[in-house]
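Thanks for coming. I will take a few minutes to walk through one model, beginning with the terms and then going from one chain to the other.

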Amino acid sequence: MKIGRIIGEVTSTINHPAYDNRKQLIVDLLTSSGESSGDYLIALDLVGAGSGETVLILDEGNSARQILNMENAPIRSVIAGIIDQIN
Amino acid sequence: MKLGKVIGTLVPAVVYEGLEGVPFLWVQPLSPQLDPKGKPVVCADGTRMAGPGELVTFEASREAALTLDPWFVPVDHAVVGIVDTHRIEDIDKKGKKK
């Protein structure tokens, strides 16, 4: 799993059906010290996260598909938690 | 999933079985701020509707092949959506808006 900070959002009407009615958030990936790592990804939101929040990202296709209960969805990254504190 | 801009199309003469009729696009990967980032890649078009100049989202690796039907095809990047709106907020290190 990875940690990241939500910096934006993308919307689309023409997309793969697996993405219908799901929020696609742009997440800036962070290092363990909370700094931006310079990389980013777009993840599906499953927990109701919003701008500026630090989140836990599951970046593995099979696990994401199991959580969504969609066997053949082309989805790899999902936001699985909102982080309150990192020690 | 990442952001990209379609910069061209590509027509293969011979394709592996399962890829007949699938459009292929040149996609320039972008940063969240829409600046070019990295080298362009060839993507199969899972939406079958994307064209040059459009802002799209694309998926890499095994998930790319899953956008197509049949899905067990040799594809490693695929366009999964055409972006309608894109919003980036200026957020500082503490997660607050600037």
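Let me start with pairing: two strands pair if DSSP finds at least two bridges between them. Helices are DSSP runs of H or I with at least four residues, strands are runs of E with at least two, and both are numbered from the N terminus.

Some housekeeping. This is a predicted model, in which local features need pLDDT of at least 70 and side-chain atom pairs count only at pLDDT 80 or more, while totals for chains, interfaces and linings use all residues. Residues are numbered from 1 along each chain as its sequence is written, and chains are lettered from A and ligands numbered from 1 in the order in which they are written.

Chain A, then. Its secondary structure comes to one helix and six strands, and along the sequence the pattern reads β-β-β-β-β-α-β.

How do the strands of chain A pair? Take β4(A), residues 36-45. Strand β3(A), residues 24-30, runs antiparallel to β4(A), and six bridges join them. One residue pair there is A:V27, with A:L41 as its bridge partner in β4(A). The hairpin of β3(A) and β4(A) has five residues between the strands, and A:G34 in that hairpin takes a positive phi near 90°. β4(A) also pairs with β6(A), residues 77-82, in the parallel sense, over two bridges. In that pairing, A:L44 has A:V78 of β6(A) as its bridge partner.

Next, the overall dimensions of chain A. The C-alpha atoms fill a box of roughly 35 × 25 × 20 Å along the principal axes. The radius of gyration is taken over C-alpha atoms, and the globule rule is 2.2 Å times the number of residues to the power 0.38. For 87 residues a compact globule would have a radius near 12 Å, and chain A, at 13 Å, agrees with that.

For burial, C-beta atoms are placed from the backbone, and a residue is buried if 20 or more other C-beta atoms lie within 10 Å of its own, exposed if 12 or fewer, and partly exposed in between. Of the 87 residues in chain A, 36% are buried. A:N69 sits in the loop between α1(A), residues 61-68, and β6(A). Its phi is near 60°, positive in a residue other than glycine. A:N69 counts as exposed because it has 7 C-beta neighbours inside 10 Å.

Now to where the chains meet. Two residues are in contact if their C-beta atoms, placed from the backbone, lie within 7 Å. On that basis, 29 residues of chain A are in contact with 31 residues of chain B. β1(A) gives the most to the side of chain A that touches chain B, with six residues.

Two places in chain B to finish. The peptide bond from B:D69 to B:P70 is cis, with omega near 5°, and B:P70 lies in the loop between α1 (62-66) and β5 (77-82) of chain B. B:L34, in the loop between β2 (24-29) and β3 (41-45) of chain B, has a positive phi of about 70° although it is not a glycine. B:L34 counts as partly exposed, with 14 C-beta neighbours inside 10 Å.
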